[in-house]
Amino acid sequence: MGIEPSVSEHYLPALTKPILEQDLLSSVHTVEMSANQLVKQVLGGQLDLAISGNLDQTLDERLAVTPLRPFEFKILASPDHPLAKMDHPTFEEALKSPFVILNDTYLNKLVFHQLAEQLSIKPQVLFESDSSTLVSGLVREDLALGFISDITAPAESDLVEIPIEDIQVPSVHINLIRRAHQFPIGLFKTVMDIIEKTFDEDEAVQQQK
């Protein structure tokens, strides 16, 4: 089973618990890699399952895809940043400031640049990282704005999350992916059920907040 890093950061502990409880740990090997790599390895047979964020138009028809939940993207700012003090800040206004973003391992980078292209603006990228903690740290110091998803959003309440409302954000979902001709039975079906149940339970918890 392959899993994208942003997804594993949020969901892997919850996924691992039922795998351990059902004594499946010796049968389920989990690896982390980027969304593009996950799709390629499922198609190539190196992976049986993948949990990955994907732009909706990028998936191959040879794949069977179960949507698990949508991504939402936001701007992350220090409370001291001028953008955080505006009534209705726009992404165009945000692009006047430097950004720190997650690197190629995450879909955030691709979506960020697609949004900038919609506005025909070349963004100022101060730094790219594979750590959402580092992104939030640089934002906290008011050195840059961040571009995050609700999956990789920091738990700290001292930062301001700004929704993107002035332009069309690409549709992105976390999906459970397998080869279309691979019929889920036995262990394969059990693991799929664990994944879908874990996401359903997490969604129920989020709706209660």
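Guide: Let us start with Asp 142, which sits in the loop between helix H5 (132-140) and strand S8 (145-149); helices (H or I, at least four residues) and strands (E, at least two) are DSSP runs, numbered from the N terminus. This is a predicted model, in which local features need pLDDT of at least 70 and side-chain atom pairs count only at pLDDT 80 or more, while totals for chains, interfaces and linings use all residues. Residues are numbered from 1 along each chain as its sequence is written, and side-chain values use heavy atoms, with hydrogens and water left out.

Visitor: Where is Asp 23 found, and what is its phi?

Guide: Asp 23 lies in the loop between H1 and strand S2 (31-32), and has a positive phi of about 55° although it is not a glycine. Its relative accessibility is 66%, so Asp 23 counts as exposed.

Visitor: Which residues of helix H2 are buried?

Guide: In helix H2 (residues 35-44), the buried residues are Ala 35, Leu 38, Val 39 and Val 42. They lie on the same side of H2 because they cover an arc of only 95° around the axis, the arc being that of the directions from the helix axis to the C-beta atoms. Asn 36, Lys 40 and Gly 44, on the other side of H2, are exposed. Just after H2, Gly 45 takes a positive phi of about 85°.

Visitor: How many aromatic pairs does a search of the whole structure find?

Guide: Rings of Phe, Tyr and Trp (its six-membered ring) pair if their centres lie within 6.5 Å, and planes under 30 degrees apart count as stacked, over 60 as edge-to-face and the rest as tilted. A search of the whole structure finds 8 such pairs. Tyr 11 and Phe 199 form a stacked one, with 4.0 Å centre to centre and 25° between the planes; this pair links distant parts of the chain, with Tyr 11 in helix H1 (residues 5-21) and Phe 199 in helix H6 (residues 186-208), 188 residues apart. Both Tyr 11 and Phe 199 are buried.

Technical notes
Buried < 20%, exposed > 50% of the residue type's maximum accessible area, 1.4 Å probe, protein only.
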